Amino acid sequence: MNGNESIAENKLTLFVDIDGVLNTEAHLRRQIKETGRSTNRSWCPTAMAHLKLLVEYYNGQIVVSSTWRYDHSLRQLKELFENNGVPGKYVIGVTPSLIYENSGKVTRGDEIRRWITDNLHTEEIPRYAILDDMDEGLSRFGERFIQCDPEVGLADKEKVKRVAGLV
């Protein structure tokens with residue numbers, strides 16, 4: 001299954017970017033103001049609480065689509081989520097890095113589409129949402145692409161409501 005853990009097809013799959021969605025610009029500034037420095041290992045507590053609510057309430061699972069997957073193993077990503085308030089058990093995989101397989105232009109949307117094709121084998125329409133602050137080939141997913149403002153990311157309650165509206 002391409003480095004992914006068991007996939008439950010009736011679950012809500014959330015494709016999650018980190019910077020601009022969980023690690024927000026406002027939170028980084030707040031860290032600097034409070035401590036004199038910022039760290040990208042401490043993510044926005046409100047965004048993380050919203051993510052935890054979504055995966056717990058809607059029987060969710062997280063697939064990391066962020067570039068963080070290039071520098072962190074699945075185990076390390078699980079630890080980062082755990083350290084930021086979302087149990088690592090919800091992080092079940094990462095999207096494939098197609099840039100290494102293709103010589104042409106590859107978008108994050110291509111990588112998510114591949115993950116869906118490879119992992120969500122179901123007769124029903126798969127339950128998923130994509131949380132990202134940039135449209136890298138993601139607008140083709142229509143309402144399932146929820147673009148976050150990098151200033152506040154998933155701390156924005158309206159984004160949580162949009163995910164809930166898809167379920």
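The legends below describe close-up views of a predicted model.

Local features are given where pLDDT is at least 70 and side-chain atom pairs at pLDDT 80 or more, whereas totals for chains, interfaces and linings use all residues. Numbering starts from 1 along each chain as its sequence is written, and side-chain values use heavy atoms, with hydrogens and water left out.

**View 1. Tyr 57 and Tyr 58 as an aromatic pair.** Six aromatic pairs are found in a search of the whole structure. Rings of Phe, Tyr and Trp (its six-membered ring) pair if their centres lie within 6.5 Å; planes under 30 degrees apart are stacked, over 60 edge-to-face, and the rest tilted. Tyr 57 and Tyr 58 are edge-to-face, with 4.8 Å centre to centre and 85° between the planes. Tyr 57 has 62% relative accessibility and so counts as exposed (exposed is over 50% relative accessible area, buried under 20%, partly exposed in between; 1.4 Å probe, protein chains only).

**View 2. The rings around Tyr 128.** Tyr 128 pairs edge-to-face with Phe 141, at 6.2 Å centre to centre and 90° between the planes. This pair links distant parts of the chain, 13 residues apart: Tyr 128 belongs to strand β4 (residues 128-132) and Phe 141 to the loop between β4 and β5 (145-147). Helices (H or I, at least four residues) and strands (E, at least two) are DSSP runs numbered from the N terminus. Both Tyr 128 and Phe 141 are buried. Together with Phe 15 and Trp 115, they form one aromatic cluster. Arg 144 lies over the face of Tyr 128, 4.5 Å from the ring centre (a charge sits over a ring if NZ of Lys or CZ of Arg is within 6 Å of the ring centre and within 35 degrees of the ring normal).

**View 3. Helix α2 (residues 45-57) and its buried face.** The buried residues of α2 are Ala 47, Met 48, His 50, Leu 51, Leu 54 and Val 55. Seen down the axis of α2, the buried residues fall within an arc of 160°, so they line one face of the helix; the arc is that of the directions from the helix axis to the C-beta atoms. They pack against β1 (12-16), β2 (60-64), α4 (74-83) and α6 (157-166), where contact means heavy atoms within 4.5 Å. Pro 45 and Tyr 57 are exposed on the other side of α2. Asn 59, which follows α2, has a positive phi near 55°.

**View 4. Helix α1 (residues 25-35).** Ala 26, His 27 and Gln 31 are buried in α1. Viewed down the axis of α1, its buried residues fall within an arc of 140°, so they line one face of the helix. Their cover includes α2.

Key: The expected span of a helix is 1.5 Å times one less than its number of residues.
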